[in-house]
Amino acid sequence: MNLVARVAHRFTVKTAFHRTVIAFGLNDLGKLIKLGRRFGVVSAYRSNLGKHENQDRHGQLIAHLQSWGYHGGLHEMKSQWADMATNVVHKEKSLFIPRISLKLLCELGKKYDQD
């Protein structure tokens, strides 16, 4: 089984409050791996906020990353997640960030109130 196939299967991440199922398609992961094996994906969207506020937060996230020196290599991704308690699917924009450390990725997650 190649690297993409091994990583692309569904897996479950346990968090403090609930479980989140994360899935990547083979084609998506194949493209991501070509961009570098160390990367992060983060969003500034929150399901309790309106469309315009989420778009503003997304722009702030991009500006924040650019202030850290990430000018090229950022890739927008359309993503979605399902609330496991209500089965409501939420669509959002995420950013693929190559060569970012886990520490910086966690800092962004805290700043933008991500689960």
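What follows is a close look at the open sheet of three strands.

A: Start with the whole chain. This is a predicted model. The chain contains four helices and five strands. Along the sequence they come in the pattern α-β-β-α-β-α-β-β-α. Of the 115 residues, 28% are buried. Now look at contacts between residues at least 6 apart in sequence: 56% of them join residues at least 24 apart.

Now the sheet. Its order is β3-β5-β4, and the pairing is antiparallel. β3, residues 39–42, and β4 are the edge strands, each pairing on one side only. From one strand to the next, the twist averages 35°. What holds paired strands to each other? Strands of a sheet pair through backbone hydrogen bonds, in a parallel or an antiparallel way.

Take the pair of β4 and β5. β4 covers residues 75–82 and β5 covers residues 89–98, with eight bridges joining them. You can find individual partners here. Lysine 78 has lysine 93 of β5 as its bridge partner. Serine 79 stands opposite glutamate 92, again in β5. β4 and β5 form a hairpin with six residues between the strands. In this hairpin, asparagine 87 takes a positive phi near 65°.

β3 and β5 pair in the antiparallel sense, over four bridges. One place to look is valine 41, whose bridge partner in β5 is phenylalanine 96. β3 also shows two faces. Gly40 and Val42 make up its covered face. Phe39 and Val41 make up its uncovered face. The general rule is that side chains in a regular strand alternate between the two faces of the sheet.

Which helices lie across these strands? α3 lies across β3, β4 and β5, and runs at about 10° to β5. α4 lies across β3 and β5, and runs at about 5° to β3.

Look at α4 from both sides. Its buried residues are Leu105, Leu108 and Gly109. They sit on the same side of α4 because they cover an arc of only 100° around the axis.

What lies between sheet and helices? Look for the largest nonpolar core, which has 12 residues. Among them are Val42, Leu61, Leu65, Leu95, Ile97, Leu105 and Leu108. α3, β5 and α4 each supply at least two residues of this core.

Leave out residues up to four places away in sequence. Isoleucine 97 then touches Phe39, Gly40, Val42, Leu65, Tyr70, Leu74, Leu105 and Leu108. Several of these names have come up already. Phe39 and Val41 were on the uncovered face of β3, while Leu105 and Leu108 were among the buried residues of α4.

Finish with the two ends of α4. Arginine 99 lies in the loop between β5 and α4. Arginine 99 has a positive phi of about 55°, although it is not a glycine. Is arginine 99 buried or exposed? Its relative accessibility is 53%, so arginine 99 counts as exposed. The cut-off for exposed is over 50%.

Aspartate 113 is found in the segment after α4. Aspartate 113 is not a glycine either, and its positive phi is about 55°. At 49% relative accessibility, aspartate 113 counts as partly exposed.

α3 lies across β3, β4 and β5, and α4 lies across β3 and β5.

Definitions and conventions: Residues are numbered from 1 along each chain as its sequence is written. This is a predicted model: local features need pLDDT of at least 70, side-chain atom pairs count only at pLDDT 80 or more; totals for chains, interfaces and linings use all residues. Side-chain values use heavy atoms; hydrogens and water are left out. Buried means under 20% relative accessible area, exposed over 50%, partly exposed in between (1.4 Å probe, protein chains only). Contact means heavy atoms within 4.5 Å. Two strands pair if DSSP finds at least two bridges between them. A nonpolar core is a set of buried Ala, Val, Leu, Ile, Met, Phe, Trp, Tyr and Cys residues joined through side-chain atoms within 4.5 Å. Axes are lines fitted to C-alpha atoms, for helices over the stretch in contact, and angles run from 0 to 180 degrees between N-to-C directions. The arc is that of the directions from the helix axis to the C-beta atoms.
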